[in-house]
Amino acid sequence: MDSLDFLLFYASLGSPLFGFSPSISTGLLPNTKYFQSVSMNDYAAHKLACYLSDDGCSPLTFYSLVEASKFAKLWVQFCKKYNVQVRAPFRYFLGEFMPSDHANSCNEEFQWQWQKMKNEYDQLSRKVDDAAQNLSHCDLTGELAIFSNADSRNHSTIVKVIWENKEDSSDHLPHLVYISREKRSQHNHHYKAGAMNVLTRVSALMTNAPFMLNVDCDMFTNNPQVVRETICLLLGSKRETVCGFVQGPQLFYDGPADQVVISNEYMVKGVAEIQGPPYEGTGCFHRRKVIYGLGPDEVTNLTSEKGKLADEHELVKEFGACQVAASYYEYGTNRGKKFISYPYPNLIHLFQPHGIVDSHGVYSEFSAFLGCAPSDGPAAMIQQKRWATGLLEILFSISNPIFSIGDLQSRRCLAYIWILIWGLRSIPELCYAILPAYCIIYNSNFLPYFCLNCVPVQVEEPGIYIPVALFVIYNLYTLSEYLRLGFRIRSWWINQSMERITTMNAWLFALASFIIKFLGLSETVFEVTQKDQSNSDNNDGTINPEEFTFDKSPVFIPGTTILLVQLAALATALLGLQPEAHRGQGSGLGEFMCSFYLVACFWPIVKGLFRKGKYGIPFSTMCKSAVLAFIFVHLGRSSSNMG
């Protein structure tokens, strides 16, 4: 059995830097995730090692991990003894898995052990919650002393071995290592890609397992046999060049899964059938050689013909110095620039221009891991904005896989382009959203003419059939995708609506953010997606997917402005306030239906105009949007008069 290194990325959502109140019950901290990720007891524990990267250098994270490791010693044994499939305690004790539902429910010993484990977990939860509330008054002594003078953005490297399986026993826990890489203001730390590179280098020095699994800390294992099954895939190939990585689908346990399932079923699997699956940044098993740029196409190394190491200066230039977690380690080397490690620059982790994005991967059919979805509207918009910004950075950089790899098939290039231009799509969608409203308000048309004054409505220009046919065919096809996978028509419509909202809000801000950075006016900031479920409405800790929440973020201003413009256009038409049509051919049924369709798509924002609290649009956002809508109407009237 081959060894495996777990690489967990943790952005330290619980640190004061981001102002969030962490709670172990929400699954934000690495505690419960650690139990789940390393308690895959179908694989020998001494063959596994878990490395957690705390990118916020938070003493609370370290404290939580230490306490979690103590509970894990009991929890893993409980899972082994009673064959528990749901290994994440925060999900197991949520109420869905009561003793009466278990195969051992008639066993009094099991019921007693179940209650004991629940009490232990509740005690752990209280410890972490108390530590989170009293963090500012915490005495940073003992093991926490190293954090006393550490700043989240300027600190030295911290590497601590919390648990070591010294006896090499499969009955104990895997190795557990805490890492907080060095950060200095004069060096770019490259966000998640930089953290993953540090995890890769530190794990190479400590355990150097031939395979690595990287996951986000808000994920837990959905299949306790995932390691064994994946290793079988990796070892099943006769040559290393056949399979460089195994990518599992990225699914969520607490959000609407229909859109994700649709994407995995049609887009991701489609791309995987062309030249292998794309690397999605998490839930992926790698060959370590691939990350080092040594395969899978060609297993090369820096050795001479006699098998001896090449010149020392060549090694330093290619792989860096010896301080593998230092902030300056990669400067002057090819790491992150060529086919070495995780490349820069980008804010996301969908594509990497080296072996793991090429044709030597396997797309796993089993949902190995479940993640935590954004808990509300603002968090979802931040996540979409970050993804779109990162994609634009890849599109206009040397990291673009289309330019970095010469042997990509044309269909795979088209698939990459379709994803990379997410942010650019906001401009044409915004124009098309404004165009029908403009035509209605000023009684002009951009579609072939429908006569609204005729009863029944007459088609005066047959060309209208072309856009209508395209619109109907597209929507029927996307609807069929949902129906084939067992989803309801309502799910299809909600996702069609959210696609319009995301494009004209989050992706528009992503484009603006990228342009500002491209012009050198500002640096792109990595915004961590808040996934705190403490404000959820349901007792099971989930958010109602059909409810949309808002905050004072400017990301909602474009959508609210577009909605107000559409409502103004419809009111103008219904009240007969349109000016006289130019050349006798004004707006028709086509423009009216387009405007009405957009209002229907923006229905969550319509409801937000009349609601209060987190489900209502803030008054300041409505005022700003109203001013922008008034300016649009006024400028449009001026241009119409000039015309």
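This is a predicted model: local features need pLDDT of at least 70, side-chain atom pairs count only at pLDDT 80 or more; totals for chains, interfaces and linings use all residues.
Figure 1. Strand β11 covers residues 369–371 and is joined to β6 by two bridges, with the two strands running antiparallel. Together with β8, these strands form an open sheet of three strands in the order β6-β11-β8, and the pairing is mixed. Strands β6 (220–221) and β8 (251–252) are the edge strands, each of which pairs on one side only. In general, the strands of a sheet pair through backbone hydrogen bonds, either parallel or antiparallel.

Figure 2. Strand β4 comprises residues 175–180; six of its six residues are buried, so the strand is largely enclosed by the rest of the structure. In a regular strand, side chains alternate between the two faces of the sheet. Both faces of β4 are covered: H175, V177 and I179 are buried on one side, and L176, Y178 and S180 are buried on the other. Strand β2 (residues 48–54) pairs with β4 in the parallel sense over five bridges, and S53 stands opposite I179 in β4. Strand β3 (residues 158–163) is also joined to β4 by five bridges, but these two strands run antiparallel. The bridge partner of V161 in β4 is V177.

Figure 3. Helix α5 extends over residues 191–206. Its 16 residues, at 1.5 Å a residue, should span 22 Å, and the end C-alpha atoms are 23 Å apart, which agrees. Of these 16 residues, 14 are buried, so α5 is largely enclosed by the rest of the structure. In an α-helix there are 3.6 residues a turn, so residues three or four places apart point the same way. Just after α5, N208 takes a positive phi of about 55 degrees.

Figure 4. The structure holds 28 aromatic pairs. One of them is formed by Y438 and Y442, whose rings are tilted, at 4.9 Å centre to centre and with 55 degrees between the planes. Y438 has a relative accessible area of 25% and is partly exposed, whereas Y442, at 6% relative accessibility, counts as buried because the cut-off for a buried residue is under 20%. Another aromatic pair, F550 and F556, is edge-to-face, with 5.2 Å centre to centre and 65 degrees between the planes. Both F550 and F556 are buried. One aromatic cluster is formed by F71, W75, F78, Y82, Y92, F93, F110, W114 and Y121.

**Figure 5. The second largest pocket and its lining.** Rolling a probe the size of a water molecule over the atoms shows where empty space is left. The second largest pocket has a volume of about 1000 Å³. It is lined by 30 residues, of which P467, F471, N475, C594 and Y597 are the closest to its centre. Helices α13 (426–441), α14 (465–484), α15 (489–504) and α18 (589–601) each supply at least two residues of this lining. The largest share, eight residues, comes from α18. By residue type, the lining of this pocket divides into 23 nonpolar, three polar and four charged residues.

Note on methods. Residues are numbered from 1 along each chain as its sequence is written. Side-chain values use heavy atoms; hydrogens and water are left out. On a 1 Å grid over the protein atoms alone, a cavity is a set of points where a 1.4 Å probe fits but cannot get out, and a pocket is an open set with protein on both sides within 12 Å along at least five of seven lines; lining residues have an atom within 4 Å of a point. Grid points are joined across faces, edges and corners, and a volume is the space filled by probe spheres set on the points. Helices (H or I, at least four residues) and strands (E, at least two) are DSSP runs, numbered from the N terminus. Ala, Val, Leu, Ile, Met, Phe, Trp, Tyr, Cys and Pro count as nonpolar, Asp, Glu, Lys and Arg as charged, and the others, Gly among them, as polar. Two strands pair if DSSP finds at least two bridges between them. Buried means under 20% relative accessible area, exposed over 50%, partly exposed in between (1.4 Å probe, protein chains only). Rings of Phe, Tyr and Trp (its six-membered ring) pair if their centres lie within 6.5 Å; planes under 30 degrees apart count as stacked, over 60 as edge-to-face and the rest as tilted. The expected span of a helix is 1.5 Å times one less than its number of residues.
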